[in-house]
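Hello,

Here is the structure I promised to pass on. My notes follow below it.

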Amino acid sequence: MPKLAFIGSGRMASAMVQGLLRSGACQPSDITVIGGQDNTASELSQATGVRAVTSPLDLLAGADAVVLACKPQQFAGLDPAYAMLARGKLVLSILAGTRLVSLSKFFNGARNVVRAMPNTPGAVGQGITAQCSVVALSPEDALIVQSILSGLGRILELPEAMFDAVTAVSGSGPGFFFEFLAAYEAAAVELGFTPEQASLLSRETFRGSLGLLAATRETPDNLRTQVTSPGGTTKAGLDAWASAQFRTTVANALIAAQRRSAELGKA
Ligand SMILES: NC(=O)c1ccc[n+]([C@@H]2O[C@H](COP(=O)([O-])OP(=O)(O)OC[C@H]3O[C@@H](n4cnc5c(N)ncnc54)[C@H](OP(=O)(O)O)[C@@H]3O)[C@@H](O)[C@H]2O)c1
């Protein structure tokens with residue numbers, strides 16, 4: 001496994017480092033990390049045994065691939081020395097909204113630049129990450145990228161033109177899901193349950209429904225039809241949703257998120 005250098009050692013970098021070590025793709029001595037003002041790099045080093053450094057030169061000397069995992073606004077102020085030190089190396093960025101053209105402009109001597117869009121469940125290894133690259137990945141670089149990103153969960157290769165849509169569907173998706181769950185639990189409390197009972201009933205219902213979906217390999221539409229008897233309770237609830245334009249509301253949320261992603265990408 002090549003030597004990896006992480007610019008940023010926060011939540012997502014930690015999830016990737018832990019995934020790399022867990023899978024055996026890397027030994028702690030293969031990985032070097034750097035942070036900003038706080039202690040994230042030394043904390044990650046203490047937790048995993050990877051090497052924490054404080055200078056770009058120490059970070060990139062001997063590294064084969066660079067993982068950019070700071071915040072997008074921190075990238076804007078990144079030490080230009082990184083660009084020179086990253087010449088000939090593979091660069092993989094997980095910065096939300098930062099396009100390949102901007103990454104390639106900064107890392108202008110990199111052998112290839114990969115852009116990835118993870119989501120928050122990646123912090124516990126259960127996310128989904130979209131990836132694209134400036135030029136097609138060599139088999140060796142594809143393996144490196146796979147090893148790094150698989151610590152965050154599943155991976156899907158997509159053209160960069162789809163990244164605003166990815167940002168809407170899987171990037172903002174956890175936020176949409178948590179808002180739905182919060183609304184559902186609040187509505188359950190209104191029916192007379194305690195908050196604890198409401199959250200247990202709601203969360204187990206959705207956890208079990210996802211389990212059923214996976215076990216049966218049915219479509220959500222088929223499973224919904226199976227529990228919707230004519231004149232029954234589910235039908236009454238679904239009719240209330242239909243009259244409030246539920247599907248249009250969901251579609252509008254995705255369209256709004258996609259548009260906002262496109263606006264932010266131009267800013
Ligand atoms: N969290 C998500 O679900 C998610 C989803 C999609 C994309 N992303 C992207 O993932 C990236 C990281 O997110 P995160 O949640 O892991 O953020 P985070 O926990 O705040 O981590 C940011 C890291 O960057 C370090 N840093 C700050 N300035 C730096 C500098 N000048 N040089 C090197 N390192 C520096 C910070 O160090 P100190 O704190 O020690 O100063 C910290 O280790 C972001 O670009 C975000 O857009 C995240």
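A salt bridge here is a side-chain nitrogen of Lys or Arg within 4 Å of a carboxyl oxygen of Asp or Glu. Side chains of opposite charge can pair when their charged atoms come close. Both E204 and R207 lie in helix α10, 3 residues apart, about one turn of the helix. Helices are DSSP runs (H or I, at least four residues), numbered from the N terminus. E204 is partly exposed at 41% relative accessible area, and R207 is exposed at 55%. The cut-offs are under 20% for buried, over 50% for exposed and partly exposed in between (1.4 Å probe, protein chains only).

Before you read on: this is a predicted model, where local features need pLDDT of at least 70, side-chain atom pairs count only at pLDDT 80 or more, and totals for chains, interfaces and linings use all residues. Residues are numbered from 1 along each chain as its sequence is written, and side-chain values use heavy atoms, leaving out hydrogens and water.

How many salt bridges does a search of the whole structure find? The count is 11. One of them joins E185 to R203, with the closest N and O atoms 2.7 Å apart. E185 sits in helix α9 and R203 in helix α10, so the pair ties together parts 18 residues apart in sequence. E185 is buried at 12%, while R203 is partly exposed at 43%. D64, R111 and D141 are linked in a salt-bridge network.

Best wishes

Terms used:
Helices (H or I, at least four residues) and strands (E, at least two) are DSSP runs, numbered from the N terminus.
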